[in-house]
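Please have a look at the picture and the sequence first, and then I will go through them slowly.

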Amino acid sequence: MKRIIISICCACCTSVIAQISPPTLQRSITPSRGLTINTKKSTLIEKRTTHLSKFKNLNIQKIVTKDVADNSSESLLGIMYEYETFDEISRKTLTIDKNELGKLIQALQTMEQKENEKNSQEAKYKFVTTNNIEFGSVYREKSSSWAHYIKIPSSYYHQNLTEFSKEELKELIKMLKNAEQEL
């Protein structure tokens, strides 16, 4: 008799526990970089793009978005590139905000300093932005040389890879510093 009562109690408890819904998680509606003009709904937004410079196959742009209703605006650095698949040619622009641009310039300067140091083994450095643009340097022991690159995601199966030399790294840092002043 006791076993029947205990088994009935256990069955009732498990059925009650199974019916309790899991706790709901509160998700933040605010993007990780804070509120931006592009996330506003039901407002007229003005976008102005200014060409700043060109690096290899990448166009460096200043993008200013402005909320016409309250005159608030924000400036971003845009990196626009074209890519081609079998039957389509597309353009894509990825953005970097001013805070992240400062960190990127600092990382590129560090890569430039590391290149001047003597290395006896392979080394890799990379900086990835919030939009998954990867800037990096790789030291190849066999050829005793550095290879610098920018890897931009374009689609699931394709990435745009741009390689450049030490002199072009200096040029890129200079371009980005000028762009930071423009923002």
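This is a predicted model: local features need pLDDT of at least 70, side-chain atom pairs count only at pLDDT 80 or more; totals for chains, interfaces and linings use all residues.

Residues are numbered from 1 along each chain as its sequence is written, and side-chain values use heavy atoms, with hydrogens and water left out.

Let me begin with the overall layout. The protein chain has three helices and eight strands, these being DSSP runs numbered from the N terminus, with helices being H or I of at least four residues and strands being E of at least two. Along the sequence they follow the pattern α-β-β-β-β-α-β-β-β-β-α. Of the 183 residues, 33% count as buried, where buried means under 20% relative accessible area, exposed means over 50%, and partly exposed is in between, with a 1.4 Å probe and protein chains only.

Now to a pair of helices. Helix α2, residues 98-116, and helix α3, residues 166-182, pack at an angle of about 155 degrees with their axes 10 Å apart; the axes are lines fitted to C-alpha atoms, for helices over the stretch in contact, and angles run from 0 to 180 degrees between N-to-C directions. That angle makes α2 roughly antiparallel to α3, since angles over 145 degrees count as roughly antiparallel, under 35 as roughly parallel, 65 to 115 as roughly perpendicular and the rest as oblique.

Which residues meet here? Among them are Leu101, Leu104, Ile105 and Leu108 in α2, and Leu169, Leu172, Ile173 and Leu176 in α3, with contact meaning heavy atoms within 4.5 Å.

At 2% relative accessibility, Leu176 counts as buried, and, not counting residues up to four places away in sequence, Leu176 touches Leu77, Leu101, Leu104, Ile105 and Leu108. Leu176 and Leu52 are 124 residues apart in sequence, and their C-alpha atoms are 9.6 Å apart in space.

Turning to the strands, Phe135 is found in strand β6, residues 134-140, and Phe135 is buried, with a relative accessible area of 2%. Beyond four places in sequence, the residues that Phe135 touches include Leu104 and Leu108, as well as Leu172. Gln61 lies in strand β2, residues 58-67, and Gln61 also counts as buried, at 12% relative accessibility.

Finally, I would like to show you two loop residues. Lys56, in the loop between β1 and β2, has a phi near 55 degrees, a positive value in a residue other than glycine. Is Lys56 buried or partly exposed? At 39% relative accessibility, Lys56 counts as partly exposed. Asn71, in the loop between β2 and β3, has a phi near 60 degrees, again a positive value in a residue other than glycine, and Asn71 is exposed, with a relative accessible area of 53%.
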